[in-house]
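Please look over the sequence and the model below before reading on.

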Amino acid sequence: MATKLESTFSDVKMTRRTFAKTTAALGAVAALGSGYASATKFTDKIIEEVTASPSPTTKRTKSFCSFCSVGCGYIGVTEDGVFTKMEPWTDAPTNRGGMCSKGAALANVTNSPRRLKYPMEKVGGKWKRITWDEALTKISSKLNSTRDTYGPDSVFFCGLVHGSNEECYMFRKFGMLFGTNNIDHQARLCHSTTVAGLLNTFGHGAMTGTPISLQHSKCHFFFGSNAAEAHPVLMQKIFEAKDRGAKIVVADPRFTRTAAKADLYVRFRPGSDIAFILGLINVIIENGWQDQEYIDNRTYGFEYVKEVVKDYTPEVVEGITWVPAAQIREVARIISENRPSNILWSMGVTQHSVGTQIVRACALLQCILGNQGKWGGGCMPVRGHCNVQGATDMCVLSHFLPGYYGVTSEGSWNWYAQCFSDTPSTSGKITFDELKARFATYNGESMMTKIGFTVSRWYEGVLKPEAEIDQPHNIKVAVLWGMGMSSITEMIKQKEAMEKLDMIVVVDPFPSVAAALADRADGIIVLPAATRQEGGGSLSTTGREILWRDVVVPPLYESKTDMWIFQELAKKLGFGAHFDYKNIEDVTREINLAVRPIGWQGQTPERLKKQKENAHTFDPWDGRAKGGPCNGEYWGLPWPCWTTDHPGTPVLYCDEAPVMEGGHDFRANRKTDEGEEIVRGNLPPAGTGGTIHWTYNYAKDPTGEVNKQAVAEGNPPTGRGRAMLRVQAKWTDRVPKHREPIESPEPDLVAKYPTYEDKRLYRVMTEFKTEQDRSIAEGRHTKYPIILSSGRQVEHHGAGAQTRNSEYLVEIQPEMYVEINPKLANDIGVKHWDMVWVESARGRCKVRAYVTERVNEKTAFMPYHWAGVFQGEDYGDRYPDGAKDLARGDSVNIIASPGYDEQTQMQETKVALCKVYKA
Amino acid sequence: MTTYKFLPDVERCIRCGGCEVACKQENNVPIGMRRIRVVTVNEGKTGEMNVPMACMHCTDPACLKACPAKAIYKREDGIVLVDKDKCVGCGYCAYACPFGAPQFHHGEGLFSFKGTMDKCTYCVLPYEGGAEKAPEPKCAAFCATKALLAGDADEISATYRQRAAMRLQKGEIPGE
């Protein structure tokens, strides 16, 4: 319904850019070949057509979509050097040609006339064009003077989730050499809680299968994932399983488009996730449906889980979740009877003040059902951006170095000093002491081993008095690299921080609100970055598959690749010798050398390119090449890929195959606080290695010999451990338990299930109990009677800077809105598509009312992709000239909750209290 | 002899809009015109269903019979097209079509009304100008979930029949 073009804040009158169109007809259509008949032959093309260009000026390049993380391949067609259109790459094993509206609009986005065309600076209230050299000189001298005056921690580096693995690695390296851990990216806001939850339970913090492996499931349990909108092509795999008899269960506060495809839909109260899962576990144990043999041999701490969940009977859970007890029993029965079942989640699980614990609860459920480590079973946190898995692995994060080496250990820095010096890819040399000397000393300790600020609360580093932050001085300069600021909560505070900074540097093809939010006349420099269609390198999909992108079209206008910008800036800052890579493959090789804990050794640029050229040899059923040059390899060489002849590990912790065939196990070398070794009980099948309770000393072995030895002995280098259902005593909750959200509609439940005590995290105090109590003291549960959640629209992505500039996507989804139930609409006298205010204790947004039964009377939903309007005021005139977003709307993150996760500082966007009234 | 058809497998359609954007790009269809549109019925309620709606290239097209200007014709391979030079823009075809396929571009302002009918051409003709191309509808080729099937009628029905058979035999995964 939301398709009117008379848009309040959209400049939708435009003429479509026209390009020379090819009229060359493609040849006859070939057969698909395999018995995998889910589409017609008609829509499948043979590989020869891809490589044979019909005219010398037409070029076809195979690449991968730059929106969500499913890893959809496409063929980019350029004619006379212009990216004119896309063609379906039907051999791509994951999507087999399929693209959603965003993916199909890639050429349209790339060619958007509203891209930033050249570097610009805001001077005296006006945007002024400057040269690249002027821009980089100004930025580097500001970075140096800030470093000299206030120390390196007064610069905050932020973003780059859309960079290639190589560029993300370079960004983290850049932060290390600049001398600060104040570097963080979007994963903080999307799956940081997934990483913390799964890493501490299993050993790795990632989705345990691949999109392809989902086809083997007998039950898909969507819990806080609206894949039909957020990951449309993933649904292809879901339907492949559904056609083979798999069940679909969707539990979500909102009747989503995914829910519309479910065998059973359950609506629950936002923020009651843990209680719901513990209720399921309660029913499973009550009925003896757990996989006891699996639990005995492969997990630790089941007895403690049993103890905790006995309080969560379906009747108790009904009171917390608003879900009838009978429905809870029904869900438990379906996921138990149809194994292997999996659990899929996205932001619905992660973005909570208890996000890490909800993830832990999901992991427990999978272990208790014996699904974890089976094809089609396991934990499927589906990630949001095309390379957010890679950016996480390369650890553009304030608490890790690339490969999840913790920043708090000097050993990690020693390893990287060694790698930076030993890599043949660059000429630079640096010792540990020299690296340490680049960091500030504060209270007698080096800041090198101190965790930095996060994306979710970076502004506190600017706004809080210096005595209240754990670093020498406030943040003075923010470098926002491909970061949509409207995806971060507390936008009013962010705006204030952006006005207080000495300088804002924005690197982006579409600068959007990073450049337009702050009310300031000077001190913003914007640099036009290339899009992912204009740069090469590798990306990691949500399923840990590493895919290689070739350049579809060279950077348009004066834009430059992120790699080039890093190299030039590093030169000006005096550490260019560590960035003198000849090409992007050199960076990949440095990653192969350095990033060891997750097995990034086998994914050489040569192997990745070979896979791409031979995509048609991979069986879409299991993603494995049958014959041909990649024989035996899994698509994308999913990490861990231990050696250059390892096939990759599509399903983590799967002990049913030998390690050299993709087998794996839970991480060993972990002890309980009671001193018990977390070593598995039974042996895996004969010939696949014995029980070992150590991990090989592989993580800092530059030769790779230890990996070879381990796999030769039939073991993953991470050993053979157990899943930790109960974690160490340093955690507040060793087994998950329900805690009410920071803004709860239920004061009685808050009294019974209060949140955490206030805690210093990531250089700043986080108020848990104080804020929850404040909410009740102020009576927010009566003043703001509606629970507000936010989420995705299929046509837009992230903070929307790319997609809100595509006329095709804006035509389908032109405006920001709030979904409200018809009853609420009638009670407040609002009709469909009227303008309304949505107000919380933080501020308010002026948006359209979308009247629908997707939400119930007590909840409202807003998409989070919108920006350019701030509390009803259009900021269109603040954008750099020519780079104003085509469609603008108010941002839900102005009014979202002030809650944060206890482990990772994830923001709580899924539960806030609001009221809606006519504008 | 090939007979081209569409078949939307509505069980799989999630209204991601990939077909709509792919069509725009391939055929240079202007903003405001929709050769294909995914329509949701029972939105937000039990029974919600998405149906990709475009010209179905009927065997016996009602639009063709209704057209007083004889602008609509059917090719041997089944594709139904409109000759925009003959079309008078009366709109009878839109009344006759059971799928709401015929579209009329409004342009901007009263006198810019173009009037001639446009609809899905199975990707053989772009919106304006251009030579006829091979029939390869990009909506189906890009379909994210392989819901929209296109091709020869026999092949489509074979594919759909196989899916239907799989849906009948519950719980068995081939190859296990």
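This is a predicted model: local features need pLDDT of at least 70, side-chain atom pairs count only at pLDDT 80 or more; totals for chains, interfaces and linings use all residues.

Although Asn443(A) is not a glycine, its phi is positive, at about 50°, and the residue is exposed, since 8 other C-beta atoms lie within 10 Å. Cys395(A), which is not a glycine either, has a positive phi of about 55°, and its place is in the loop between helix H17 (388-393) and strand S14 (400-401) of chain A. Cys395(A), however, counts as buried, because it has 27 C-beta neighbours inside 10 Å. As background, most residues other than glycine have a negative phi, and most peptide bonds are trans.

## A parallel sheet

In chain A, 5 strands make up an open sheet with parallel pairing, and their order is S10-S9-S8-S12-S13. Strand S10 (264-266) and strand S13 (378-381) of chain A are at the edges with a single partner strand each, so one side of each has no neighbour in the sheet. On average, and with direction ignored, neighbouring strands of this sheet are turned by 15° against each other.

Strand S9 (residues 247-251) of chain A runs parallel to S10(A) and is joined to it by 3 bridges, and Ala251(A) has Val266(A) in S10(A) as its bridge partner.

## Buried residues and the core

The largest nonpolar core has 319 residues, and those that touch the most other members are Cys362(A), Leu480(A), Val818(A), Val838(A) and Ala860(A). Leaving out residues up to four places away in sequence, Val838(A) touches several residues, among them Leu788(A), Val818(A), Ala860(A), Ile895(A) and Cys914(A). Cys914(A) is part of strand S34 (residues 912-918) of chain A and counts as buried, because 28 C-beta neighbours lie inside 10 Å. Beyond its neighbours within four places in sequence, Cys914(A) is in contact with residues including Tyr784(A), Ile786(A), Glu839(A) and Ser840(A). Cys914(A) and Leu788(A) are 126 residues apart in sequence, while their C-alpha atoms are 6.3 Å apart in space.

Helix H21 (residues 491-500) of chain A has Met491(A), Gln494(A), Ala497(A) and Met498(A) as its buried residues. Seen down the axis of H21(A), these buried residues fall within an arc of 110°, so they line one face of the helix. Their cover includes helix H20 (460-463) and strand S19 (503-507) of chain A.

## Where chain A meets chain B

Between the two chains, 50 residues of chain A are in contact with 49 residues of chain B. On the side of chain A that touches chain B, the elements that give two or more residues are strand S3 (82-88), helix H2 (101-104), helix H3 (106-110), helix H9 (234-243) and helix H30 (807-812) of chain A. By class, this side of chain A has 23 nonpolar, 14 polar and 13 charged residues.

Key
Residues are numbered from 1 along each chain as its sequence is written. Chains are lettered from A and ligands numbered from 1 in the order in which they are written. Two strands pair if DSSP finds at least two bridges between them. Helices (H or I, at least four residues) and strands (E, at least two) are DSSP runs, numbered from the N terminus. Axes are lines fitted to C-alpha atoms, for helices over the stretch in contact, and angles run from 0 to 180 degrees between N-to-C directions. A nonpolar core is a set of buried Ala, Val, Leu, Ile, Met, Phe, Trp, Tyr and Cys residues joined through C-beta atoms within 7 Å. A residue is buried if 20 or more other C-beta atoms lie within 10 Å of its own, exposed if 12 or fewer, and partly exposed in between; C-beta atoms are placed from the backbone. Two residues are in contact if their C-beta atoms, placed from the backbone, lie within 7 Å. Ala, Val, Leu, Ile, Met, Phe, Trp, Tyr, Cys and Pro count as nonpolar, Asp, Glu, Lys and Arg as charged, and the others, Gly among them, as polar. The arc is that of the directions from the helix axis to the C-beta atoms.
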